[in-house]
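Hi,

Here is the structure I promised to pass on. Have a look at it first, and then read on for what turned up.

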Amino acid sequence: YGFINACLKSLVVEKYGEETWEKLRLQAGVQDSFLTFEVYKDEITMQLVDKACKVLGVPADLVLREFGKYFFEFCKRSGYDHMLRTLGGNLYEFIENLDALHSYLSLSYQASFGFVCFFPQEMNAPSFRVEKNEDGSMHLHYYSDRRGLCHIVPGIISAAALDFFNIEISMKIVNQTEEEERTGKKEHIVFLVTQNPLFPCKERKEFSSSSQCLVDSEKQIENQLNKEDLEKAKNANGDAGNSVCPVKKSHWKTLRGIITLGKGKILRGFDPVYPKSLWIDTKTFCNGLPFHMVFDKELKVKQAGVSIQKIVPGLQTMGICLDEYFKIIHPEVPFTISSIQKFINSQFVFQTRREMMPESWKERPMLELRGQMMWMESLQCMLYLCSPLLRTLHELEERQMHIADIAPHDVTRDLILLNQQRLAEMELSNQLERKKEELRILSKHLEEEKKKTEALLYAMLPQHVANQLKEGKRVEAGEFKECTILFSDVVTFTNICAQCEPIQIVLMLNSMYLRFDRLTTVHDVYKVETIGDAYMVVGGVPVPVPTHAERVANFALGMIMAAKGVQNPVSGNPIQIRVGIHTGPVLAGVVGEKMPRYCLFGDTVNIASRMESHGVPSKIHLSSSAYQCLKHKNFEITERGEIEVKGKGKMHTYFLIRNKSATENEIMGRP
């Protein structure tokens with residue numbers, strides 16, 4: 001489920017930041033977000049874990065253990081706190097009921113993404129079996145089709161032990177094998193779980209108490225009971241003349257049945273009372289538990305409830321073999337008494353075999369039963385107390401069953417009705433989550449399009465001018481006391497146009513302007529406009545800078561170099577350009593409402609244009625004012641002398657040769 005991938009994303013973002021997650025997910029090739037109840041392929045989770053190890057530079061076992069701890073907290077934050085907390089009163093009971101939790105989630109969501117197992121049920125969820133040892137430690141057996149994920153288990157279990165039961169535990173692998181099961185080879189990992197109680201016991205949560213840390217050994221009892229408790233226990237036993245725990249030489253014998261429930265409270269252990277004979281007749285038992293079955297070591301049926309007999313008529317013949325009519329769906333073990341006894345604390349799911357069902361049932365979905373196994377030592381038989389595994393009214397109708405077929409005391413009745421409502425709510429929740437995700441994607445796309453639009457707008461107008469226009473404000477014209485303007489054009493452009501196809505002219509100009517546009521970014525000058533083959537830039541407008549002349553000069557040198565890479569479509573040789581530069585004051589403002597342009601006005605523009613038109617091919621022509629700005633800036637400049645300029649008379653001009661302190665790569669913006 002997406003719940004797992006969302007948890008992994010949350011872990012990476014919270015501990016390492018958004019950038020790390022983005023890098024990780026791109027390497028893994030997965031989407032950015034996951035729907036909680038959407039089923040995703042195992043490969044996505046495995047890819048994320050694998051890339052997390054490489055990106056973070058951490059071994060896989062540490063990543064999985066850290067993920068396990070975080071997953072526990074993530075489940076609590078996601079609303080599963082109380083569900084997890086009430087699984088058991090101590091760590092043993094908690095682990096023992098993990099499979100039961102998977103079963104509940106399977107009912108609720110039609111696929112289990114369990115507390116420790118995070119893959120859909122149809123893909124074979126792991127199973128857990130726990131054994132107590134005499135020294136108070138435990139052996140946790142973990143079975144899974146997926147190899148390499150076992151290190152998640154210590155992370156989750158240790159976090160749960162500390163949070164719910166106030167104990168620190170250590171878990172180490174003592175055995176690792178592969179076992180042949182019904183669905184193929186399963187990884188079987190055995191963990192040794194050692195509990196280390198923390199004292200004084202902290203009041204972590206409502207359910208935390210010292211009773212959860214108890215084991216049966218006298219040494220651990222002594223560590224948990226103070227002297228005052230012992231004195232009270234002795235007095236209590238002294239007053240009770242016919243106590244079930246008479247005082248002997250060792251006072252610990254008195255306390256074998258005593259447990260501690262909080263500070264200073266001592267209660268006697270519970271001893272059940274059984275009748276000498278069973279006060280229920282066979283008929284009432286089979287009617288009251290309509291879905292139970294009793295079978296011996298050879299799997300021969302000795303007894304069955306009335307409802308299961310009705311559905312599977314073959315069970316009316318006592319002595320038939322149970323595995324002929326049913327197969328075990330969960331846990332995935334062979335149908336033998338020894339396998340069942342190994343997982344005696346797990347919930348068992350049976351499914352009817354289609355070939356053994358009556359003709360009327362063969363077109364319907366097979367019935368599944370879910371319940372617990374109880375070994376009756378005196379009879380050497382196994383009792384299977386079960387109920388039909390039905391999630392919705394639709395499943396009930398598919399099997400042509402009715403609520404009346406389920407015993408009134410069986411909560412399956414309520415679960416079907418409640419789950420029907422819950423599934424409707426979940427579907428609504430899924431729809432809302434999908435809509436939310438669609439809106440997030442649309443919002444992201446809108447933001448991307450907005451950026452593209454802004455980039456296009458900022459390419460046409462200065463950013464501060466564009467922002468004012470977007471806000472509906474009027475842009476006032478501004479005066480700039482000093483700036484440097486450049487004009488350029490292609491030599492013999494008219495002749496080239498006369499001898500070429502229009503598309504060739506377009507391609508040539510596009511190739512040239514792409515090079516020039518890149519240089520405007522390199523030298524931070526503003527491109528004003530292009531008209532035909534004419535290219536105009538300015539330095540010091542719209543943002544005044546003291547280095548406007550140097551920037552435009554370096555840009556001009558780059559233009560001459562870049563033009564050598566553009567081919568003349570007529571001759572096949574590199575094109576030649578003329579460049580003219582002038583420095584002076586201008587007035588700048590936005591002209592027009594439809595297709596507005598940021599234009600420059602003043603005599604400075606005219607003189608810069610004259611410098612270009614009176615220039616020499618492949619040369620950079622400078623006015624005297626431009627020369628004054630550059631003469632002490634480490635540029636090589638030669639004097640051209642006085643020339644007659646149209647409309648301006650005689651003018652003293654110069655040629656810019658090179659920048660003595662910059663290399664060609666620096667001018668061109670190459671690395």
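Predicted model: local features only at pLDDT ≥ 70, side-chain atom pairs only at ≥ 80, totals over all residues.

If you want to find the contact on screen, α17 brings Arg515, Phe516, Leu519, Thr520 and His523, while α18 answers with Arg551, Asn554, Phe555, Gly558, Met559 and Ala562. By class, the contact of α17 with α18 has 5 nonpolar, 4 polar and 2 charged residues.

Next, helix α4 (residues 60-85) and helix α7 (residues 152-165). Here the axes come within 8 Å of each other and cross at roughly 50 degrees, which makes α4 oblique to α7. Again the crossing is a right-handed one. The list of touching residues goes like this: from α4 you have Leu64, Arg65, Phe67, Gly68, Lys69, Phe71, Phe72, Glu73, Lys76, Asp81, Leu84 and Arg85, and from α7 there are Ile152, Pro154, Gly155, Ile156, Ser158, Ala159, Ala160, Asp163 and Phe164. Sorted by class, the contact of α4 with α7 comes to 11 nonpolar, 3 polar and 7 charged residues.

On the α14 side, Glu454, Leu457 and Tyr458 make the contact; on the α15 side, Gln463, Ala466, Asn467 and Lys470 do. That contact of α14 with α15 divides into 3 nonpolar, 2 polar and 2 charged residues.

Now for the strands. There is an open sheet of 6 strands, and if you walk across it the order is β8-β7-β12-β11-β10-β9, with antiparallel pairing. At the edges you will find β8 (301-304) and β9 (326-330), each of which pairs on one side only. From one strand to the next, the twist averages 30 degrees.

Strand β16 (residues 577-591) deserves a visit of its own. How much of β16 is buried? The count is 11 of its 15 residues, so the strand is largely enclosed by the rest of the structure. Here are its partners:

- Strand β13 (residues 478-490) pairs with β16 in the antiparallel sense over 11 bridges; Ser488 stands opposite Val579 in β16.
- Strand β18 (residues 620-622) runs parallel to β16, joined by 3 bridges; Gly580 faces His621 in β18.
- Strand β17 (residues 597-601) runs antiparallel to β16, with 5 bridges between them; Ala588 stands opposite Leu600 in β17.

In the hairpin of β16 and β17 there are 5 residues between the strands, and Gly592 takes a positive phi near 90 degrees.

One last stop is Thr604, which sits in helix α19 (residues 603-613). Is Thr604 buried or exposed? Its relative accessibility is 4%, and since buried means under 20%, Thr604 counts as buried. What does Thr604 touch, leaving aside its neighbours within four places in sequence? Its contacts are Ile485, His582, Thr583, Gly584, Pro585 and Val586. Ile485 is 119 residues away from Thr604 in sequence, yet the two are 7.6 Å apart in space, C-alpha to C-alpha.

Happy browsing, and write back with any questions.

Cheers

Definitions and conventions: Residues numbered from 1 in each chain as written. Heavy atoms only, no water. Pairing = 2+ DSSP bridges. Helix = DSSP H or I, 4+ residues; strand = E, 2+ residues; numbered from the N terminus. Axes fitted to C-alpha atoms, helices over the stretch in contact; angles between N-to-C directions. Buried < 20%, exposed > 50% of the residue type's maximum accessible area, 1.4 Å probe, protein only. Parallel < 35°, antiparallel > 145°, perpendicular 65-115°, else oblique. Left-handed = near helix turned anticlockwise from the far one by under 90°. Contact = heavy atoms within 4.5 Å. Nonpolar A, V, L, I, M, F, W, Y, C, P; charged D, E, K, R; others polar.
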